[in-house]
Amino acid sequence: MAVTTPLMLMGCTVAPLSTLDPAGPHAGSIARLWWVMLAGAGILSALVFVLLALSFRRRATPGRAKAGVWIGALGLAMPVAVLGALLIYALLAGVATLPTPAADTVRIAAESRRYGWRFTTTSGRASEGVLHMPAGRPVDLAITSVDVIHSLWIPRLAGKMDAIPGHTNVLRVRADRRGTYRGECAEYCGIGHKDHGFTVIAHDAAGWAAWVGGGTAGNMGGER
């Protein structure tokens, strides 16, 4: 585990869909949660291996084993303490990503179908397959579907949220800086699911004003 995990992570840190390369505060919270969970898993794994080693050692020595200490303290109390701490941290991280009220929040409707996405601002500007949003401001995506269940996911900006027919879910996303990102459908929705993605363009203030006003935002470029 100590050898294979760093090797696997080398392929996850720089990629369009990497959750370990966040470009916004909400994705950053999720990335930190991932690292904390990895640390917790490492602690529990180390505990199990230590207990296993001690059990073999005690078998080789005379004397009666204290079952209460092994089962109660080492087998139950320590895992419960570690898992409890991880649960509390995960709940706090989840609360921090909720769409809390903010004066500068932008709301965009996101409608999914097999196999496309349509995004519409409150001013009525719509786009197919490309989500235009401002950088440096909270954006609430009002997500729904017109056919089957899909799931909107922009790994570098936020967690995923289901798109359910007849129901609207709200997902808060935020990009720290302008750039181009990649989004995907994270719920298998049919034979064309693998191509059910979209592009996210985070504009600076001037570019966003131009987009909302009906003009072009110019060349936004990509972060990488």
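Which residue lies over the face of Trp 211? Arg 125 takes that place, at 3.7 Å from the ring centre. The model is predicted, with a mean pLDDT of 84 for the protein and 82% of its residues at 70 or more. A search of the whole structure finds 7 salt bridges, and the count of aromatic pairs comes to 4.

**Confidence**

**Helix α4 and its surroundings**

- Trp 211, the residue under Arg 125, is one of the buried residues of α4, together with Gly 207 and Trp 208.
- Seen down the axis of α4, these buried residues fall within an arc of 100°, and they therefore line one face of the helix.
- The cover over the buried residues of α4 includes strands β1 (106-113), β2, β3, β4 (130-134) and β10.
- The exposed residues Ala 205 and Ala 206 are carried on the face of α4 turned away from its buried side.
- Just after α4, Gly 214 takes a positive phi of about 100°.

**Salt bridges**

- Side chains of opposite charge can pair when their charged atoms come close.
- One of the salt bridges joins the side chains of Glu 128 and Arg 118, at 2.7 Å from N to O.
- This pair links distant parts of the chain, with Glu 128 in strand β3 (residues 126-128) and Arg 118 in strand β2 (residues 116-121), 10 residues apart.
- Asp 204 lies in the loop between β10 (197-203) and α4 (205-212), and Arg 178 in the loop between β8 (169-173) and β9 (179-185), so the pair ties together parts that are 26 residues apart in sequence.
- Asp 204 has a relative accessible area of 31% and is partly exposed; Arg 178 is partly exposed as well, with a relative accessible area of 40%.
- A further salt bridge is formed by the side chains of Lys 194 and Asp 195, at 3.1 Å from N to O, and both residues are exposed.

**Aromatic pairs**

- A pair of aromatic rings is described by the distance of the centres and the angle of the planes.
- Among the aromatic pairs, Trp 34 and Trp 35 are edge-to-face, with 5.1 Å from centre to centre and 90° between the planes.
- Trp 34 has a relative accessible area of 36% and is partly exposed, as is Trp 35, with a relative accessible area of 40%.
- The rings of Trp 117 and Phe 119 have their centres 6.4 Å apart and their planes at 5°, so this pair is stacked.
- Trp 117 is buried, with a relative accessible area of 1%, and Phe 119 likewise counts as buried, at 1% relative accessibility.
- Ring pairs link Trp 117 and Phe 119 with Phe 198 into a cluster.

Note on methods:
Residues numbered from 1 in each chain as written. Predicted model: local features only at pLDDT ≥ 70, side-chain atom pairs only at ≥ 80, totals over all residues. Heavy atoms only, no water. Salt bridge = Lys/Arg side-chain N within 4 Å of Asp/Glu carboxyl O. Helix = DSSP H or I, 4+ residues; strand = E, 2+ residues; numbered from the N terminus. Buried < 20%, exposed > 50% of the residue type's maximum accessible area, 1.4 Å probe, protein only. Phe/Tyr/Trp six-rings, centres within 6.5 Å; stacked < 30°, edge-to-face > 60°. Lys NZ or Arg CZ within 6 Å of the ring centre and 35° of its normal. pLDDT = per-residue confidence, 0-100. Arc of directions from axis to C-beta. Contact = heavy atoms within 4.5 Å.
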